[in-house]
Amino acid sequence: MVREMDDHRTVHLKGRVVVPNVFDFTLSTTDHANFAEIEDALVRELCDAAREYAREENYSFMGPVEVNLGIDPRLKAGRFNVVSRLHETEGGKPPGALVLPSGERKVLGTEAVRIGRLPESEIPLADPNVSRNHAQVRPAGAGFEVVDLGSTNGTKVNGMTLTGPHQLVDGDEISVGAATFRFEAS
């Protein structure tokens, strides 16, 4: 994937270096069968590796990272092919996700994501230090911002208490009560 990103990088109209975000791997029938039980974990690892490399190289994606595994019966065991492509997020919005304390990714879209103690929150937290409607992550401009919703104990980004909306950048850590979420711009 590293080579695919490096070889197919391009400069976006806004000056960002964008790279493919969809990777289609084809494996031999034997290798695909051998990976069947761990396919979900393998896909997650490959997606994480692509995001990490893009961060290191200051590359941007135009949509969420996606890895697909397929079969090519002509391939011998131990061989694979990969084809990559750029795929823009619906509406042209740059991708974003919150990595929850469990490691789960909450992909951000065109709707605001509410964090709070209420069970109907998109990210509910059973923590007495969290207000019912504590904070919100929402689309703003060319990215996303987090705003405290008047919570009792406040919302922090990278250890600093919010006093107004904060435009999120890749790697920002949002703290709500005892929970910390990492924002990923991919």
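Two residues are in contact when they have heavy atoms within 4.5 Å. Among contacts in the chain between residues at least 6 apart in sequence, those joining residues at least 24 apart make up 55%. The structure is a predicted model, in which local features need pLDDT of at least 70 and side-chain atom pairs count only at pLDDT 80 or more, while totals for chains, interfaces and linings use all residues. Residues are numbered from 1 along each chain as its sequence is written, and side-chain values use heavy atoms, with hydrogens and water left out.

The chain contains 3 helices and 16 strands; helices (H or I, at least four residues) and strands (E, at least two) are DSSP runs numbered from the N terminus. Along the principal axes, the C-alpha atoms fill a box of roughly 60 × 40 × 25 Å. Of the 186 residues, 40% count as buried, a term that stands for under 20% relative accessible area, with exposed for over 50% and partly exposed for values in between (1.4 Å probe, protein chains only). The chain exposes about 10,600 Å², of which carbon and sulfur atoms supply 49%; these areas come from the Shrake-Rupley method with a 1.4 Å probe. As for charge, the mean positions of the 20 positive and 28 negative charges are 3 Å apart. Here Lys and Arg count as positive and Asp and Glu as negative, without His and the chain ends, and each charge is placed at NZ of Lys, CZ of Arg, CG of Asp or CD of Glu.

Helix H3 can be followed in some detail. The buried residues of H3 are Val43, Cys47, Ala50, Arg51, Tyr53 and Ala54. They cover an arc of only 165° around the axis, and therefore lie on the same side of H3; the arc is that of the directions from the helix axis to the C-beta atoms. What covers these buried residues includes helix H1 (2–7) and the strands S3 (22–27), S4 (66–71), S7 (105–107) and S16 (179–184). On the face turned away from the buried side, H3 carries the exposed residues Arg44, Glu45 and Glu56.

Just after H3, the backbone at Asn58 takes a positive phi of about 60°, although Asn58 is not a glycine. Most residues other than glycine have a negative phi. Asn58 is placed in the loop between H3 and S4 and, at 64% relative accessibility, counts as exposed. Asn158 also is not a glycine and has a positive phi, of about 55°. Its place is the loop between strand S12 (155–157) and strand S13 (160–161), where Asn158 is partly exposed, with a relative accessible area of 44%.

Two further residues may be considered. His32 lies in helix H2 (residues 29–35) and is buried, with a relative accessible area of 17%. Apart from neighbours within four places in sequence, His32 is in contact with Leu27, Glu39, Leu69, Gly70 and Ile71. Met160, in strand S13, is exposed, with a relative accessible area of 58%. The C-alpha atoms of Met160 and Tyr59, which are 101 residues apart along the chain, are separated by 27 Å.
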